[in-house]
Amino acid sequence: MRKKSKRAKACDIPAKVRRIVYERDNGLCILCGRTGVPNAHFISRAAGGLGIPENIFTACPECHHAYDNTAARPMLRERIKNYLKNLYDGWSEAAFYYRKGI
């Protein structure tokens, strides 16, 4: 088995974070209100988005797909950003990127 890099580990969503986010979001997609899964990154894994509660949100499969793969992304991004900013004092997306050596 191949060992994960520090970056991959930092971007993974640990079970503890999934539980925290699931409870925070009441198990519902924050965009449409349907049952969801706490596995969506505000800052994507590909961009180095960390697997921390402030960067993770609950989404149903349809909304997660729309956020990741459609032209609706900018509008959805603003809604998600506002949701997360209202939950965490000092929320700053700049803090959610993996930085090598930190």
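Analyst: Welcome! Two residues are in contact when they have heavy atoms within 4.5 Å. This is a predicted model, in which local features need pLDDT of at least 70 and side-chain atom pairs count only at pLDDT 80 or more, while totals for chains, interfaces and linings use all residues. Residues are numbered from 1 along each chain as its sequence is written, and side-chain values use heavy atoms, with hydrogens and water left out.

User: Which residues is Phe57 in contact with, leaving aside its neighbours within four places in sequence?

Analyst: Among them are Val21, Ile30, Val37, Phe42, Tyr67 and Ile80. Phe57 also has a place in the largest nonpolar core, as one of the residues with the most contacts inside it, alongside Leu31, Phe42 and Ile80.

User: What makes a group of residues a nonpolar core?

Analyst: The members must be buried Ala, Val, Leu, Ile, Met, Phe, Trp, Tyr or Cys residues, joined through side-chain atoms within 4.5 Å. Buried means under 20% relative accessible area, exposed means over 50%, and partly exposed is in between (1.4 Å probe, protein chains only). The largest such core here has 18 residues. Two or more of its residues come from each of β2 (56-59), α3 and α4 (73-87). Helices (H or I, at least four residues) and strands (E, at least two) are DSSP runs, numbered from the N terminus.

User: Why is His64 called buried?

Analyst: His64 has 17% relative accessibility, and the cut-off for buried is under 20%, so His64 counts as buried. This residue lies in helix α3 (residues 61-69). Beyond four places in sequence, His64 is in contact with Asn39, Ala40 and Ala59.

User: How do you know where the buried residues of α3 sit around the axis?

Analyst: The buried residues are Cys63, His64, Ala66 and Tyr67.

User: What about the buried residues of α4?

Analyst: In α4, Leu76, Ile80 and Leu84 are buried. Their arc is only 65°, which puts them on the same side of α4. Pro74 and Asn86, on the other side of α4, are exposed. The cover over the buried residues of α4 includes α2 (15-24), β2 and α3.

User: How far does α4 reach, and what is expected?

Analyst: The expected span is 1.5 Å times one less than the number of residues. With 15 residues, α4 reaches 21 Å from its first C-alpha to its last, close to the expected 21 Å.

User: Why is Asn26 called exposed?

Analyst: Exposed needs over 50%, and Asn26 has 62% relative accessibility, so Asn26 counts as exposed. This residue lies in the loop between α2 and β1. Asn26 also has a positive phi of about 60° although it is not a glycine. Most residues other than glycine have a negative phi.

User: And why is Lys4 called partly exposed?

Analyst: The relative accessible area of Lys4 is 45%, which is in between the cut-offs for buried and exposed, so Lys4 is partly exposed. You will find Lys4 in the segment before α1 (6-11). Leaving aside neighbours within four places in sequence, Lys4 is in contact with Lys9 and Asp12.

Definitions and conventions
The arc is that of the directions from the helix axis to the C-beta atoms.
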